[in-house]
Amino acid sequence: MRDICSGSTQSDREHSSTVPEAVEQAEWQQSNAECLVLETGWDNTQNKMAVELDVFVGNTTIMDEEVYQLWLDGYTVNDAVKVRMEGGVMEECEASADVLLSDTMDQYRTFQMCERLLHSPSKLANQLLFQIPPNRQAMLIERYYAFDDAFVREVLGKKLSKGTKKDLDDIGAKTGVTLKSCRRQFDNFKRVFKVVEELKGPLVENIRHHFLLSDKLGRDYAAIVFFANHRFETGKRKLQYLTFQDFAFCAGQLISNWTVGAVDNMVEDMDVDLDKEFLQELKELKVLITDKDLLDQHKSLVCTALRGKTKAFNEMEANFKNLSRGLVNIAAKLTNTKDVRDFFIDLVEKFIEPCRSDRWTAADMRLYLTHYNNSAHILDTFKHQAVWDRYMVVIKSCIFKMYHD
Amino acid sequence: MPGKLKVKIVAGRHLPVMDRASDLTDAFVEVKFGNTTFKTDVFPKSLNPQWNSEWFKFEVDDEDLQDEPLQVTVLDHDTYSANDAIGKVYIDIDPLLCSEAASVISGWFPIYDTIHGIRGEINVLVKVELFNDLNRFRQSSCGVKFFCTTSIPRCYRAAMVHGFVEELVVNEDPEYQWIDRIRSPRASNEARQRLISLMSGELQRKIGLKVLEMGGNAVVGYLQCFDLEGESGLVVRAIGTACTLDKLSSGSAPNSNTHMHPNTAPASNACNSPSKDGKEPVFGEDLTSSSGPPTPFRALPTTSSSPPPFSPSKPCSRQSSSSDTDLSLTPKTGMGSGGSVGKEAGPLKTLLRQQTQTALEQREFPFFTLTSFPPGFLLHVGGVVSARSVKLLDRIHNPDEPETRDAWWEEIRQEIKSHAKALGCHGVVGYSESTSICEEVCILSASGTAAILNPRYMREGCLDIGISDHRFEEPSPPSCGFCHIPYDELNMPFPAQLTYCYHCRRQKVPDVLFTTINLPQEAAVTGKGCLIQARLCRLKKKAQGEVNATAISNLLPFMEYELHTQLMNKLKLRSMNALFGLHIQISVGENMLLGLASATGVYLTALPAPGGIQIAGKTTGDLSNEHHILTIQKRINDTIAKNKELYQINPAKLFALDPEVFCGINMELTEEVVGSPIPEPRQRSRLFRSHSESSDELSELDLSHGKKDAFVLEIDDTDAVEDIHSLLTDAPTPTGFYSCNTEIMPGIYSWTSGVQMFTSVRVFRLSNASLTNQGLNKIFTDLCENLLKSFYFKLRSMIPCCLCQLNFTVAVPEEELIQVAVTAVAMTFDKDQAQEKPADKPTTKGGSETEEQLQFPMELCADASSANTQPSSKISGVPENTNVSSRAASVDYGSFADRCSTWLELLRLKAHTIRRGSVKTISSLEHCSPLPEGRSRSLRSNRSFRGSPVTVVKMTPLSFLPGTRIIKYLGIINMFFIRETTSLREEGGVSGFLHTFIAEVFAMVRAHVAALGGNAVVSYSMKECMLMENPNKNQAQCLINVSGDAVICVRETDQEPNPSMANIGQTCASGTDGAT
C-alpha cells in the first residue's frame, strides 16, 4: 500500500501553488485549534480509550440554534458544554456529558465550515455542500451578522482598521464580549463596509441585498457604515449616555435627508457621503444669527408662539439667541470634515446640555424646536427655506432622540 | 458506431482564486471520453466563467459508453508554466443509455479535487444518441436497468424473477504500481478513482449481458463492492437478482395487480407439504453425500478455509445445536451433481414442490438478493444460512485473473446452497456477500435466509398457471404462512421446539425464527419491534500467513456461537421471538477480531411466546452467591416486564388493558374464538406459561420450559457475570424513539414526511494497556451504545421518530483502532396513529383481496395516513415546531420542503422531465449571470445569484420516501471518491477532514441526482469508508463508496385523486399490519 505520506514533498508544492486558499484557511485554522486539543483528550481516563474521530453528517445539515448562539458568542467547546448542561438539555433526551460534548463539537465544526459561506451570504443559497432549508439559512445569516449593542457602541465611528482591531481585546474586556465574538462582529462591520463603500444606490438596500439581512439589521449596518465612513465622534464622556440605537436612528435621519441619494438616488454618487452642495448651502443660514433684525424677529415670533404654553418659557426666552447661534453655527461649519466628526458632540454641548440644565422636558423641547423651525418660514427676508427645512428636519429628530438621560 | 455522446460546458461558478496577483482565475475545461479530448476556450479573469461551449461530440461504441465515465477537468490557464488543475467531475452516463431512465444530464456539478475537495461548481449538459444495434454478438448490455433497491421497485411489476447474477473483475491497484513512486498523490488518487469507475462500468455491463442471456431486463438488489486487496490487486464484484420488470403506469397500478391473484393457493400447498410428508429425501441425500468428500481447505493447499463447525446453518440455533448435524453440512465441491432433481422427487412430494424444485434446480445458485418480496413470493422461511472462509491473498497464483476469487466465492455459495438444502429449502433470499481484509488475510462471508419460494415467478408464462395449482386444502393465511417450517418435523436439521402455529393452528412453527430479510408485509406482528445487537471482540495473536489464517479460522466459530447466544438472550429479554434483517459482520484486524450482529427483533404472532431467562448458579450452598443470583434474576425479570410494556407486547392477555395494545388483543381474540381447538395439552401449557411469564415464580417457568437449556444462564465464573451484566446494560431507547435495522419498524404505520438521513463515523483508539477480551467487549459495547445515544440526542427535535435501516459497519483500520460507521434514516411518524392499528386483520380477508391491495401497500398506506393526518398535523405541527426549534436543532427540512412543494413544483418537475434539456439550459444561463468584470459590484448581479435555489434532494437508505410516490427511476448512482490531505491540522484534524469529506460526498450525490432530473435517492448506502491517517505527518486519506437509486418522487397528495378512494382505508390497514 502506498504510504499516504510518501508524497509529502510533491503535495507540499501543490499546496503552495494555491496559496490564496491557504491564506483563507489560516483564520480557520486558528479557530479550530481549540477544538482539536479537546478531541484528543476526550474520555481518556474513563474508558481506557480515546475518541480519535467522531463525526455526524446529515443529508440536511443539522444545526442547533442554541449551540449556534454559543458559538457566535465565542464560547469554547468546553464552556458551551457546561452552559448546555446547566440549561438542562441533558434530561430532555437522557443524554450524558459525552453525548453533549460530541454533539457540541460536531456543531462547532459545521459552523466553522459554514463560516466561509456566511462571509458572502448570497453564496449560501446556491452552494451545494450543505443542504440547509431557506428559513434556516436566513436564521444563520441574521444571527451571524447580529452584534452586541455594547460592543458596537465602542467601535461606532472608529476607523475600521487594523489598529482598531488590535484594541479589540480591551473592548472585549470592557464590554464583557469574548474576543472571538468581538473579532467576528468587527470583521462583519469591515466586510459590509468594504462591499458597500463602492456601490451606487441606496445604502440600506445595498446592504440588505448583498448580505441578505432583515430590514432592521440592514439599517443598523447602514448606520455603522455611515458612522465609520464619517468617523463621527461618539466616544467622548458627554456622549456616553447615548445608546447605539440613538445613534443608529440619527444616522438613518442623516442618510435619508442629507446625502446625495436623499434627493436623487439615480445619481452617480453614493449614499454614504453627505451632499456637498447642501453643506455649502448651509453656510447661507448664518444670516439667521448674523443679521440682528432677523435674529430678533425670529426670537419674537418663537416667543409669541410659546408664551403660556410651557413652564420653561422664561429660560427659553433668555436662551434663545444662544441656542439659535449654536444650531446655526453647527450648520455653517459642516463643510469641514473635522466639524462633521464633532456633529454629535456639538449638538450635545451647544444645545442639549443648556436645555437640560434649564430642566426642559421632552415636550418642551418638541414645542420649542417645532416653533423654532416654523417661525423661520414667516421671516420675510429669509430666503433659504428649503435648505433650512432639510437641515432642521434632521436636527429636530436627532435632538428629540438624543434628549434623554 | 452505435452511439453519439454530446457534451456542452455551460458555465462555472464559485471557482477558487488561482492567480494571486489578480485574485482571479483564467479557467478552461477539458472534456475527455475514452481517448478523445476536447477543450473549451479560456475564459479569462473570472471566478464565474461563462464558456457556453459548442456541443462536443464523441462517437463511440456502446460498450465504451457503458464502461467509461465522462471526465470533465477544469484547469487554470497559465501562460508561463503548466496549467494548474482546479478539479474534476466524473459523470456516469449509464442512466442515459436506458430509454426509461434519464434523457439528459444537466446541472451544476461540484468540481472535485482529491487534495482540496470541492472547488466551485460547473454547469454541464450531456446527451446521448443511441443507434439500434442489431449485432447478435454484441458486448454491451445497454438498456438493462439496475436498481440498488432490494425489492421490486415501486413503479414496476415483476413479471418474472430469473435469479442470481454475479460478476467479478480484477485489476492491478494503481497505488501499488511502480509509477506511484514518482507521481503525485493527486495523480495517483485520480488514477484509482478512474480505474474503479471503469471497472464498475465493465462489471455492470457484464452483469447486464448475463441478464439479457437469462431473458431479463433488469437487475434488482444490485450490490457492488470493492476489495482493496493491496499487492494482489483491486477487485470489484457485484451480485444481484435478474428480473423481468414491467413498468406500471401510475393509473393502472391497481389493475395490474390482479395478476397476482393465484398466489396464496400455491402457498398453501407448499406449506402443507413438508409437515405432512414423511421423511424427506433431500436431507438424507445431503447427509450422505456430504460426509464423503474432503473439506475444501484440504483440497486447496494454498488457502486455508474454515467452514465454521457450529453455526453456518443455524437459523435459530442455540447452544445445544453444536452437534454433528452441522458438521455434516460442510460444503461439497460438486454440489451440482449431488442435488439432482430426479432422485429427490419422492412419491410423497406434492406437485408444487417438484415444480419449484425444478425451476430452481436449473440454476446454479437459487439465490435472491431481495429482502422484500411481492406478496405470495415467499412461501416458507427456514432460517439464516451463512458461510465464512478465510483466505490468504498472497497465495493467489494469478493475481490479475479473476479465476481464484471466482472459485472462492463459488465454494462459499455452494456451502450456502447446501445449508439451505439441509433446511429443506431450495432457495436463499436476502442474500449478501462481504469481505474483511487485513494485510494478506481475507475473510469471505456470505449469508442469506433459506426459503421456499413460489415457483410462479420463476417460469415463463407462469402468471396464469397459478390457478391450476389450486388444491383442496384451504389456503393458509399469508400472515403466518412464511413462519411454517419448511423442513421435515421428524428429521429436523437441528433441535428445535416445534409447536402448532399460533395463528392458524394448522402448521408447525419453530419457537424462534432468524432471517436476513425484511419483515413480510403481510406478517402478523404483536407490538413493536426494536434493534437488537450482539457485539463481540476477540483478541488474537499477531501472526503471519498460514498460522494467522488458521488462528482466525479457529476463532470464527466461537465468535459466531457467542454472537448467536447474545442475540438469543437479548431477544428473550425483550420478550420477542423473531429476528429480521439479521446481519453479522466479522471484521479482522492485526490483533483482534470484531463481531457485530444487528437485527430487528419482533414478536411474531404466529410463533409461541418466548420463555424468560433463568439464572442458575453452579456452586450451591454459598448463601451470598445465591442471593446474588436471586437479585440478578429479579433484575432480568423486571427488564423483561419493562420491555414488554415498552414494545407493547401483550399477546393473549386479559381484557382489562389499555387501548394501546388493542391490536394485540384483537389478534389473540380472533385466534381464541375462531382458531381451531388447541390440539395438544402441551400447547395448552405453553399458552399458560405465556400468561405467567413475567411473574417471579421461577418454578413455574421452569416447569413450562422443560429442558429448554437456551434460557438458562449459568453463573460459574466472572465471565458469565460479565455476560449477564452486558445483557442488561443495553440502554432502552429514550421515549419517543424507536430503532430498527429493517426498512420499516414493525408496529409503526403512520409515517409522516420528516426524513433525515445521516452518516456517522467514530474511531476509538484503545490504549496500549493490555486488554482482556472482557474489557474489549465492554469498550466495544459502550462504543455502539454511545453512538446510538448520540443519534437520539441529535435527532430529538424529530420526536416521535424512528431510526430505520440502522446499518453499522465495523472495521479495525489499524492496530488498536476500532472504527464504527453508521448510516441510517430518521423518520417521523404520527404518534396517535401509530398506536392504533386498524382493526381489520388480514386473517379475515380473502387471499385475492389481500393481494390486490398489497401490491403497493406502503405507498397507499403512507398516502392514506398523510391524507388523514394532514389537517391536524399542519395545525398542530407548526407551533410545536417553532416551540422546539428555539432550543433544539430543527431538522424538519423534509416536511418544510414538502409544504413548499406545491402544484407549481410538480408542474415544474413535469416540465422538467418532458423537455428538461431546453428548460434547464435557459434557466442555468440566467442563473449564473455573466459577470465579466469579475468582481461583482452591482446590485443586479447579486440578485441573480439569489434567484437559483439549489434543488432539494432527499436521501434515504430505504426503498421509498414516506408521503411520496416514486414516479420514475432515473438510474443507479454508484460513486467512488478518494480524498487526501497534507494539512490535516488545518482542516480540523481527522474529524474535520472526514466531516468535510462526507459532506462533499453527499453534495456530489445530490448534484448528480439533480442533474439527472431527480429529487431523491432511495436505497442509499455507504459501502465503504476507509480512513487512513498519520497525524504525525499531518496527513490523512479516505476512500468512500456510495450507491443508491436516483428517482423522481412526488408528494402523495399531489397525485391525481386515487380512483379507489374507498379502498384506501382498507389498503392502509392491510399494508400497515404487515409493514416490514
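This is a predicted model: local features need pLDDT of at least 70, side-chain atom pairs count only at pLDDT 80 or more; totals for chains, interfaces and linings use all residues.
Strands E28(B) and E30(B) pair in the parallel sense over two bridges, and two strands are said to pair if DSSP finds at least two bridges between them. On E31(B), Ala1016(B) stands opposite Val1047(B), and the bridge partner of Ser1021(B) in E31(B) is Ser1043(B).

Strand E30 (residues 1016-1030) and strand E31 (residues 1035-1051) of chain B pair in the antiparallel sense over twelve bridges. These two strands form a hairpin with four residues between them, and Asn1034(B) in the turn has a positive phi of about 65 degrees. E30(B) is mostly covered, since 13 of its 15 residues are buried, where buried means under 20% relative accessible area, exposed over 50%, and partly exposed in between, with a 1.4 Å probe and protein chains only.

## The sheet around them

The open sheet that holds these strands has four of them in the order E28-E30-E31-E29 (chain B), and the pairing is mixed. Strand E28 (954-955) and strand E29 (964-981) of chain B stand at the edges with a single partner strand each, so one side of each is left without a neighbour in the sheet. In a regular strand the side chains alternate between the two faces of the sheet.

Helix H2 (residues 185-214) of chain B packs on the sheet and touches E29 and E31 of chain B, and its direction makes about 145 degrees with that of E29(B). Touching here rests on contact, which means heavy atoms within 4.5 Å, while axes are lines fitted to C-alpha atoms, for helices over the stretch in contact, and angles run from 0 to 180 degrees between N-to-C directions. Helix H27 (residues 989-1011) of chain B also packs on the sheet, touching E28, E29, E30 and E31 of chain B, and its direction likewise makes about 145 degrees with that of E29(B).

## A second sheet in chain B

Another open sheet of four strands has the order E18-E20-E21-E19 (chain B), again with mixed pairing. Its edge strands are E18 (513-514) and E19 (525-539) of chain B, each of which pairs on one side only. Strand E19(B) is joined by twelve bridges to strand E21 (residues 592-604) of chain B, and the two run antiparallel; Ile532(B) stands opposite Ala599(B) in E21(B).

Helix H13 (residues 545-573) of chain B packs on this sheet, where it touches E18, E19, strand E20 (578-588) and E21 of chain B, and its direction makes about 150 degrees with that of E19(B). Helix H19 (residues 773-794) of chain B lies across E19 and E21 of chain B and runs at about 140 degrees to E19(B).

Strand E5 (residues 70-76) of chain B is joined to E6(B) by seven bridges, and the two run antiparallel. The bridge partner of Leu75(B) in E6(B) is Ala85(B). Strand E6 (residues 84-91) of chain B is mostly covered, with six of its eight residues buried.

## A helix pair in chain A

Helix H5 (residues 77-86) and helix H7 (residues 97-118) of chain A pack at an angle of about 125 degrees, with their axes 9 Å apart. That angle makes H5(A) oblique to H7(A), because angles under 35 degrees count as roughly parallel, over 145 as roughly antiparallel, 65 to 115 as roughly perpendicular and the rest as oblique. H5(A) passes H7(A) in a right-handed crossing, a term used if the near helix is turned clockwise from the far one by less than a right angle, and left-handed if anticlockwise.

Among the residues that make the contact are Val77(A), Val81(A) and Arg84(A) of H5(A), and Leu100(A), Asp103(A) and Tyr108(A) of H7(A). The residues of this contact divide into nine nonpolar, two polar and two charged, where Ala, Val, Leu, Ile, Met, Phe, Trp, Tyr, Cys and Pro count as nonpolar, Asp, Glu, Lys and Arg as charged, and the others, Gly among them, as polar.

Chain A has 25 helices and one strand, and buried residues make up 55% of its 405 residues. In chain B there are 28 helices and 31 strands, and buried residues make up 66% of its 1076 residues.

## Basis of the values

Residues are numbered from 1 along each chain as its sequence is written, and chains are lettered from A and ligands numbered from 1 in the order in which they are written. Local features need pLDDT of at least 70, side-chain atom pairs count only at pLDDT 80 or more, and totals for chains, interfaces and linings use all residues, while side-chain values use heavy atoms, with hydrogens and water left out.
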